[in-house]
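Here's a quick walk through one protein model, feature by feature. Keep the viewer open while you read.

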Amino acid sequence: MSQSVARALSLLDRVAGGTSTLGELAEAEGVHKSTVLRLLRVLEDEGFVLHDGEHQYRLGPHLFRLAHQALDSFEVRVVAAPRLKSLRDETAQTVHLAVLDGATAIYVDKLEPREMPVRMASRIGKTADLHSTAVGKVLLTGLDPAERDELIDQLTYVKYTENTPAGPAELRDEIARTAERGWSEDHAENETFINCVGAPIRGANGRILAAVSISVPDVLLPYEDVLELVPALLSATTDISRDCGHRSTGHSPR
């Protein structure tokens with residue numbers, strides 16, 4: 001870890017602990033005020049700290065957003081685990097749980113049947129592209145429209161197969177279909193031999209907290225049979241959403 005990164009993290013700890021002025025922070029770190037001010041300006045630009053007219057610093061909104069996302073991710077995984085196990089056992093297929101991590105999805109859980117002749121390369125902690133995966137499309141539907149449009153325009157559209165969405169226009173069409181029907185699909189878009197269906201887990205405010213997918217190699221089931229797993233998937237995500245505090249009113253905010 002570079003010295004600047006280590007010192008910036010130290011400053012965040014000190015601000016969180018109540019050390020608030022530039023002079024106090026410089027003294028606590030044992031460095032010149034100019035060094036501390038340079039780091040604080042970077043942290044402030046990124047929303048990690050704020051300061052008032054008297055140059056007293058406090059934690060900023062971006063840090064709270066990250067903490068909230070981390071807490072949501074952890075809680076969803078714990079709450080979802082029993083129902084995801086029953087979904088895996090019911091379908092005899094691999095089940096993934098993913099959350100949004102910047103411009104990618106990240107797998108926070110993976111459940112494979114004990115008798116699985118084909119093992120997938122996915123693993124807990126591995127990232128997945130948003131444009132080519134079922135979980136990615138679900139997570140994109142959970143963003144505010146302006147944020148989603150900006151992110152879609154910024155994505156790198158790697159063409160993994162002939163079915164992979166080629167750019168923003170195709171992906172926006174996919175997101176619209178996902179939002180309308182309440183579930184997504186990856187029809188051999190990320191890997192030529194795997195089809196997936198995905199659905200959202202919602203929290204108390206109706207926002208999408210995570211995405212669940214069922215992923216099936218085509219040697220086990222053809223694409224049409226994978227689509228037959230959607231009712232089981234939606235039943236599971238509805239149950240998990242309810243356990244996360246969501247109460248369906250017939251309309252959920254994206």
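What follows covers the ground rules, then a helix, a sheet and a few individual residues.

## Ground rules

This is a predicted model, with local features needing pLDDT of at least 70 and side-chain atom pairs counting only at pLDDT 80 or more, while totals for chains, interfaces and linings use all residues. Residues are numbered from 1 along each chain as its sequence is written, and side-chain values use heavy atoms, leaving out hydrogens and water.

Helices (H or I, at least four residues) and strands (E, at least two) are DSSP runs, numbered from the N terminus.

## Helix α3

Let's start with α3, which runs over residues 33–45. Its 13 residues reach 18 Å from first C-alpha to last, close to the 18 Å expected at 1.5 Å a residue (the expected span is 1.5 Å times one less than the number of residues).

Which residues of α3 are buried? They are Val36, Leu39, Leu40 and Leu43; buried means under 20% relative accessible area, exposed over 50% and partly exposed in between, with a 1.4 Å probe and protein chains only. Looking down the axis of α3, the buried residues fall within an arc of 105°, so they line one face of the helix (the arc is taken from the directions from the helix axis to the C-beta atoms). That buried set packs against α1 (3–16), α2 (22–29), β1 (49–51) and β2 (57–59), where contact means heavy atoms within 4.5 Å. Over on the other side of α3, Arg41, Val42 and Asp45 are exposed.

## The six-stranded sheet

Next up is an open sheet of six strands, in the order β5-β4-β3-β8-β7-β6 and with antiparallel pairing. Two strands pair if DSSP finds at least two bridges between them. The edges are β5 (127–128) and β6, each pairing on one side only. Helix α5 (residues 134–141) packs on the sheet, touching β3, β4, β6, β7 and β8 (208–217). The direction of α5 makes about 160° with that of β8; axes are lines fitted to C-alpha atoms, for helices over the stretch in contact, and angles run from 0 to 180 degrees between N-to-C directions.

Zooming in on the pairs, β3 and β4 (residues 104–111) run antiparallel and are joined by seven bridges, with Leu100 opposite Ala105 in β4. Four bridges hold the antiparallel pair β6 and β7, where Asp186 stands opposite Cys196 in β7. β6 and β7 form a hairpin with six residues between them.

## Two alanines with positive phi

Most residues other than glycine have a negative phi. Ala188, in the loop between β6 (184–187) and β7 (194–202), has a positive phi of about 55°. Ala92 has a positive phi too, near 60°, and is found in the loop between α4 (61–91) and β3 (94–101).

Are these two buried or exposed? Ala188 counts as buried at 11% relative accessibility, whereas Ala92 counts as partly exposed at 43%.

## Thr237

Last stop: Thr237, in helix α9 (residues 230–243). Thr237 is buried, with a relative accessible area of 3%. Where does its side chain reach? To the backbone oxygen of Leu234, at 3.2 Å. Not counting residues up to four places away in sequence, Thr237 touches Ala199, Pro200, Ile201 and Val212.

Note on methods
Polar contact = N/O pair within 3.5 Å; in protein donor to acceptor, adjacent residues only side chain to side chain.
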